Amino acid sequence: MDQVLAPSRPAAGGTSLLKASGIVKSFGGNRALNGVSLDVHENEIMALVGDNGAGKSTLVKILSGAEVPDEGTIHVSGRLAAIQSPHDAHDLGIATLHQNLGLVDCFDVPQNVFLGRELSTKILGVLPLLRRAEMVERTKALLRELDIRMPYLDRPVSTMSGGQRQAVAISRLLLGDIKLIIMDEPMAALGVHEGQKVLDLIQRLSLRGISFLIVSHNMEHVMSISNRVAVLKNGNLVGVVPTERTTRQDITSMIIHGRV
Amino acid sequence: MSERIAVEQKFLPDLLGRLSSLARRIFLAGGILPIVLVVAIVGFAIAEPRFLTYNNLFNVARASSFLVVVSMGQMLTLLVRGIDMSIGSTEALVSVCVALVMATVLAGDPNAPWLAIAAGIGAGMAIGAAVGAINGIGIAVFNVNPFIMTVGMLSILSGIALTVSGGMPMYGMPKQFGEVFAYAAPLGIPAPVWVAGGVFLIMYYILNWTPFGRRIYALGGNIVASRLAGISTRLHMVMAYVMCSVIVAVGGVLLTARVGTGEATLASTHVLESITAVVIAGVSFFGGIGRVGNVVLGAFFVTLVTNGMNLLRVPSYQQLIVLGVLLILAVVVDQVRIKMMQQVRAE
Ligand SMILES: Nc1ncnc2c1ncn2[C@@H]1O[C@H](COP(=O)(O)OP(=O)(O)OP(=O)(O)O)[C@@H](O)[C@H]1O
Ligand SMILES: [Mg+2]
C-alpha cells in the first residue's frame, strides 16, 4: 500500500556518498562492531536503529573520525578515504552531532560553534590572531539562515535550555562545505516541540541536498523522516530497508530478533 | 511628607535590590576577588595608616611580582583541569642551576658577566621546559593524576636541587645580574614588575587572542568535546604544563636575582600562595574558566594580605593559618559560584 503514495521527498538517488565496508571495532575483548557494511546515498536520510549497546554510537564515531576502526574501509563519493581524525572527516564534508552534543559548557555560542575550527589571521605573517568579531558575525548569520532564534549569544551554553544547546550543536555542523550530517540521537533529550523543530530543520537541510545518517530510538521519528532504515544488532548489520516498504512492527522485530 | 516616605520606601528596596544584583553579577563574572580586594585595602588602611602610603604600595607591587609571575603559570594548569604542586621546587632547582651555570661561566672568563648571565638564564628556561614536559607527558600521556604527578616531581626536583647545592646557598653570580634583574627600576618601575608585565602581556595575548589559547580553555571545559572537535588534546595539555613551568622558571630567575644566591629552599610558600591567588581570582578547579588579569590581581591581593599582616605585626606562624583559611574559603566560594552559574539557566 505504501508504494501507491508518491514519495514526499526525492527518492534516494542511489549514488553512493559514504560507503563503509567490513567495519570491525573491538574494545578490549568486547566486539562492538563485527564487520558492518553500510552505504549512505546522496540526497537521502538514513536512519540507524538498534538496541542499547548495538554499536550505533561506535559506528558513528568511526565514520566521524573520533575512533579508528580495527578493520574495514570507508569510501566517500567513490574514493577511498582515510578518516583518522574529526578534521579528516570534516574535510571530506562529514559533520557529526555526537550523543552528548560535544559542547563546552563554559563557552558561549560563537566559541562553541567554532570549537576546533577557530578563524584567525596572521599578524606580521607569524603571530596568529583570533578573528573574534567575525566569528560572532558568522555565528549570527548561520543561526539566521537556519531560522534558529536565540536570545543571547555571549553567555555560557551551560545557562541555556536543552533545545537551545541542541541548536548550538546543530549550527556547528554547518560550518564549511558539508555533504553528510551524522546525528547520534538528536531528539533524545528534547521535548515534543523542540524535537519537532529539529525534525523540521533536518527536512529543510535535506532539501538543500545534504544527506543524513540519524541514530534514533524514536520509531515515530524514524518512520516520518527517513528514506531508509538500517538496523544494527550486537555489532552486526541486520539489514537496510526502504522506509516506505516497511512498518514499525517490522523494524521493531528486526531490532529484537535480528532478522528481516 | 507621606508622599516622600512612599518614594523612599520604594526607592530603598529598589536600590538595595540593584546593589545586590550588581554584587551578584560581579561575583559571577569575577569571583570573590573584587570584593575581598576592596575589603582588604579598606580594612588595612583603617588599621594601619602606613599601609596606604606610596612607598608601601610600591613595595607591595615589587614584592608581589614574583608571585604574580608564578601564579600565571599555575593558572594554566588549573585551566586544563590540573594543578602544579611542584612550582616551588621548580623555582628552587632553577635557582640552583642558574647560580651554578653563572658562577661556572664567570669563573672561566671573569670579563664576560653578560655571557654568564645569558647562559644562566638560558639554563633556567631549559630546566623549566624540561620539568613542564615531564609533568605534562606524565599527566596527558600516561594518565597520572596531576596532583600525584606534580607532588612526585616536587620531591624529585627538590632532591636534585639539594643534591646539587649540598644544601648551601650558592655564590659567585655576576653582580650585574642582581643589579639589573632585581634592583634596576627603569621609569621608576622595578625590573621584576616589568618582567611580570611582559609575561602578563604574552599570556593575555596567547589565552585570549590565539586559537591555541582558546583550545586550552576548551579542553579544560570539556576534554571529550574538544577531542571530538579535532583538537589534539594531549599536545595542548603537555603544552600547558610546559608553559606553566617555563613561566615558573622566569619567577625562579627573578627571585634568584633578588636573593643574590642560588637557594635550594627558595619559594617554598609559592605553591600554597599561587593556588590561593589563582582560585581567589576566579580560576575554576573544574577547568576552562579564568582570566589572566584577575590572576594578576589575585597574586597582588595575597601579597597585600601578607604585607598588611606584617605591618600589623601578625606573627608569621599565624600568617600561615590565615593563608590556609583563605585558600579553603576561596575553594568553597568557587563551588558556590559554579552552582550559581548553573542556576542562572533556570531563570
Ligand atoms: N570506549 C569504549 N570502551 C569500551 N567499550 C565500549 C566503548 N564504547 C562502546 N563500547 C561498547 O561497545 C558496545 C556498543 O556501544 P555503543 O555505544 O556503540 O552502543 P549504542 O548502539 O550507541 O547504544 P545506545 O543506544 O545505548 O547509545 C557496547 O557494548 C559498549 O559497552
Ligand atoms: Mg549510542
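**Group meeting: contacts within and between chains A and B**

B:Arg215 forms a salt bridge with A:Glu118, and the closest N and O atoms are 2.6 Å apart. By salt bridge I mean a side-chain nitrogen of Lys or Arg within 4 Å of a carboxyl oxygen of Asp or Glu. Across the interface of chain A and chain B, that rule finds 1 salt bridge.

Some housekeeping. This is a predicted model, where local features need pLDDT of at least 70 and side-chain atom pairs count only at pLDDT 80 or more, while totals for chains, interfaces and linings use all residues. Residues are numbered from 1 along each chain as its sequence is written, chains are lettered from A and ligands numbered from 1 in the order in which they are written, and side-chain values use heavy atoms, with hydrogens and water left out.

Back to the interface. Chain A brings 27 residues to the contact and chain B brings 23 residues, where contact means heavy atoms within 4.5 Å. The area buried between the two chains is about 2,300 Å², and carbon and sulfur atoms give 63% of that. Buried area here is the accessible area (1.4 Å probe) that two parts lose on being put together, summed over both. On the chain A side, A:Glu118, A:Leu130 and A:Arg132 supply 23% of the area that chain A buries against chain B, more than any other three residues.

Next, a helix pair in chain B. The axes of H8 (residues 191–209) and H9 (residues 211–221) of chain B come within 5 Å and cross at roughly 70 degrees. That makes H8(B) roughly perpendicular to H9(B), a label for angles of 65 to 115 degrees. Axes are lines fitted to C-alpha atoms, for helices over the stretch in contact, and angles run from 0 to 180 degrees between N-to-C directions. Helices are DSSP runs (H or I, at least four residues), numbered from the N terminus. From H8(B), the contact is made by B:Ile206, B:Leu207 and B:Trp209; from H9(B), by B:Pro211, B:Phe212, B:Gly213, B:Arg214 and B:Tyr217.

Now A:Leu143, which lies in helix H4 (residues 132–145) of chain A. At 4% relative accessibility, A:Leu143 counts as buried, the cut-off being under 20% relative accessible area (1.4 Å probe, protein chains only). Leaving aside neighbours within four places in sequence, A:Leu143 is in contact with A:Val109, A:Ile148, A:Met150, A:Leu153 and A:Ser171. A:Ser171 is 28 residues from A:Leu143 along the chain, and their C-alpha atoms are separated by 6.7 Å.

Note on methods. Helix = DSSP H or I, 4+ residues; strand = E, 2+ residues; numbered from the N terminus. Parallel < 35°, antiparallel > 145°, perpendicular 65-115°, else oblique. Buried < 20%, exposed > 50% of the residue type's maximum accessible area, 1.4 Å probe, protein only.
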